[in-house]
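Let's take a friendly walk through one protein model.

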Amino acid sequence: MAGNITFTMIKPDAVADNHIGGITKMIEEGGFRIVAMKKTRLSEERAGKFYEVHKERPFYGDLVKYMSSGPIVAMILEKDNAVEDFRKLIGATNPAQAEEGTIRKVYAKSIEANAVHGSDSDENAQIEGDFFFSADERF
Ligand code: IDP
């Protein structure tokens, strides 16, 4: 059975451009409840750890620099079928391929600076949520 938790980050460009409100509005209107939320900045080391699964990919170094370039907003979200439904709400990795009405269609600037992260499995949603939040930060 699909889980009811996913993890997201509003990425540095979208935070810098003042889109925290616009993006969280789309998230809430998409039927997700915000269980935990934090504005923070990743060091290069922490960003490297978060994206470790991509370390063999050619864009890894740039991605780590970009994700540590400014503050992000991390959130745990709750909804039935959370992981799959949130991937639908954010749209394709490359905003040129993102459907109308998706967060990336509205806010992403490029394939790298694509406004938001969304977990790709229930297992990763747990790992990524635990990366940022302790039990007493979830409500
Ligand atoms: P996802 O975020 O849609 O799950 P992934 O393939 O897991 O996409 O890639 C993680 C992140 O790495 C993307 O959100 C994006 O910021 C960056 N990325 C992915 N592909 C490229 C690329 O071809 N060039 C530059 N950055 C990329």
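Where is the place of Phe59? Look in the loop between H3 and H4. Keep in mind that this is a predicted model.

**The ligand and its surroundings**

Phe59 is one of the residues around the ligand; the others are His54, Leu63, Thr93, Ile111, Glu112, Asn114, His117 and Asp120. Sort this shell by type and you get three nonpolar, four polar and two charged residues.

UniProt, in an unreviewed entry, puts the feature "binding site" at Lys11, Phe59, Arg87, Thr93, Arg104 and Asn114. Let's pick two of these and ask: buried or exposed? Here is how Phe59 and Arg87 come out:

| Residue | C-beta neighbours inside 10 Å | Counts as |
|---|---|---|
| Phe59 | 12 | exposed |
| Arg87 | 15 | partly exposed |

Phe59 counts as exposed because it has 12 such neighbours, and the cut-off for exposed is 12 or fewer. Arg87, with 15, counts as partly exposed.

**Helix H5, one side at a time**

Which residues of H5 are buried? They are Ala82, Val83, Phe86, Leu89 and Ile90. These five cover an arc of only 125 degrees around the axis, so they sit on the same side of H5.

What do the buried residues of H5 pack against? Their partners are E1, E3, H6, H7 and strand E4 (116–118). Just after the helix comes Gly91, with a positive phi of about 90 degrees.

**The core**

Nonpolar side chains tend to be buried together in soluble globular proteins. In this model, the largest nonpolar core has 32 residues. Those with the most contacts inside it are Ile10, Ile23, Leu77, Phe86, Ile103, Ala115 and Val116. Several elements each supply at least two core residues, among them strand E1 (5–10), helix H2 (20–29), helix H5 (82–90) and helix H7 (122–132). The largest share, six residues, comes from E3.

Zoom in on Ile103: leaving out residues up to four places away in sequence, it touches Ile23, Met26, Leu89, Ile90, Gly91, Ala115 and Val116.

**Stepping back**

The unreviewed UniProt entry also places "domain: Nucleoside diphosphate kinase-like" at residues 3–137. That span is 41% helix and 18% strand, and its end C-alpha atoms lie 20 Å apart.

Technical notes:
Residues are numbered from 1 along each chain as its sequence is written. This is a predicted model: local features need pLDDT of at least 70, side-chain atom pairs count only at pLDDT 80 or more; totals for chains, interfaces and linings use all residues. A residue is near a molecule or strand if its C-beta atom, placed from the backbone, lies within 6 Å of it. Ala, Val, Leu, Ile, Met, Phe, Trp, Tyr, Cys and Pro count as nonpolar, Asp, Glu, Lys and Arg as charged, and the others, Gly among them, as polar. A nonpolar core is a set of buried Ala, Val, Leu, Ile, Met, Phe, Trp, Tyr and Cys residues joined through C-beta atoms within 7 Å. A residue is buried if 20 or more other C-beta atoms lie within 10 Å of its own, exposed if 12 or fewer, and partly exposed in between; C-beta atoms are placed from the backbone. Helices (H or I, at least four residues) and strands (E, at least two) are DSSP runs, numbered from the N terminus. Two residues are in contact if their C-beta atoms, placed from the backbone, lie within 7 Å. UniProt positions are given in the numbering used here, feature names are shortened, and annotations may be inferred rather than shown by experiment. The arc is that of the directions from the helix axis to the C-beta atoms.
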